[in-house]
Amino acid sequence: VNNKAITPSDKISKVSPTNLKEIDSKFTIPLYDFYAAAGSFSEIQSNKDYSQIEVEEKYAKSGNYFACKVIGESMNRRIPNGSICIFRKIGDGTKNGKIVLVENRDTQDPDFNSAFTVKTYSSQKKVTEFGVENVQIILKPNSYDRSYVDIVLDEENAEGMIVHAEFVAII
């Protein structure tokens with residue numbers, strides 16, 4: 001009996017014609033490298049040089065899930081530094097209280113060193129004659145380190161913000 005522990009890196013495989021059959025027989029989702037990425041989320045998704053990571057069947061069937069490594073200590077109460085996390089592409093509906101993957105081309109996250117960040121989403125809304133509008137969006141860290149502060153976005157600096165996905169699980 002082989003008692004070797006399986007680590008997340010054991011579940012990762014590069015996509016190439018030689019191992020395509022092997023990947024097809026397992027349940028996998030894309031593993032994106034946002035830390036090294038310079039492009040937008042759509043550019044990263046269309047990049048052919050990504051990895052596949054083995055996951056439970058429920059994550060692989062819909063095509064709405066992907067994984068990435070979360071770097072940094074700003075969410076360490078919930079997501080330890082270096083964790084590979086599964087995210088679900090986000091649709092309409094409330095994001096309040098959810099941990100989300102956000103792209104904001106105007107703001108660099110010091111941990112991710114990119115335009116991507118993972119934080120808890122909170123918004124303050126107001127009702128107008130045109131419906132409900134966000135007055136302020138707050139991306140909250142959840143860290144043991146109190147030096148991390150909220151990222152506060154208003155109409156002006158939230159223009160380039162896109163919430164791409166909701167955190168689901170750590171692999």
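The entries below go from the whole chain to single residues.

**Ground rules.** I am working with a predicted model, where local features need pLDDT of at least 70, side-chain atom pairs count only at pLDDT 80 or more, and totals for chains, interfaces and linings use all residues. I number residues from 1 along each chain as its sequence is written, and side-chain values use heavy atoms, with hydrogens and water left out.

**Whole chain.** I counted three helices and 10 strands. Both are DSSP runs numbered from the N terminus: helices are H or I with at least four residues, strands are E with at least two. From the N terminus, I read the order as β-α-β-α-β-α-β-β-β-β-β-β-β. Of the 171 residues, 39% are buried. My cut-offs, with a 1.4 Å probe and protein chains only, are under 20% relative accessible area for buried, over 50% for exposed, and partly exposed in between. The exposed surface comes to about 10300 Å², with 47% supplied by carbon and sulfur atoms. That area is from the Shrake-Rupley method with a 1.4 Å probe; for residues, only the protein chains shown count as cover. I then took contacts (heavy atoms within 4.5 Å). Among those between residues at least 6 apart in sequence, 58% join residues at least 24 apart.

**Strand S5.** How many of the residues of S5 are buried? Five of its seven are, so I noted the strand as mostly covered. Next I checked its partners, where pairing requires at least two DSSP bridges between two strands. S4 (residues 65-70) pairs with S5 in the antiparallel sense over six bridges. Val70 has Ser83 of S5 as its bridge partner. S10 also pairs with S5 in the antiparallel sense, over five bridges. There, Arg88 stands opposite Glu166 of S10.

**Ile86.** This residue is in S5, residues 83-89. Ile86 counts as buried because its relative accessible area is 3%. I listed its contacts beyond four places in sequence; among them are Ile29, Val55, Tyr59, Phe66, Phe167 and Ile171. Glu166 is on that list too. Ile86 and Glu166 are 80 residues apart in sequence, yet 8.6 Å apart from C-alpha to C-alpha.

**Aromatic rings.** I paired rings of Phe, Tyr and Trp (its six-membered ring) if their centres lie within 6.5 Å; planes under 30 degrees apart are stacked, over 60 edge-to-face, and the rest tilted. That gave four aromatic pairs. Phe87 and Phe167 have ring centres 6.0 Å apart and planes at 70 degrees, so I logged the pair as edge-to-face. Phe87 lies in S5 and Phe167 in S10, so this pair ties together parts 80 residues apart in sequence. Phe87 is buried at 0% relative accessibility, and Phe167 is buried at 8%. Tyr32, Phe66, Phe87 and Phe167 form one aromatic cluster.

**Glu103.** I placed Glu103 in strand S6, residues 99-104. Its side chain makes a polar contact with the side chain of His164, at 2.6 Å. A polar contact is a pair of N or O atoms within 3.5 Å; within protein, one must be able to donate a hydrogen and the other to accept it, and residues adjacent in sequence count only if both atoms are side-chain atoms.

**Glu159.** I found Glu159 in the loop between S9 (151-153) and S10 (161-170). Glu159 is exposed, with a relative accessible area of 70%. Its C-alpha is 8.4 Å from that of Asn104, 55 residues apart along the chain.
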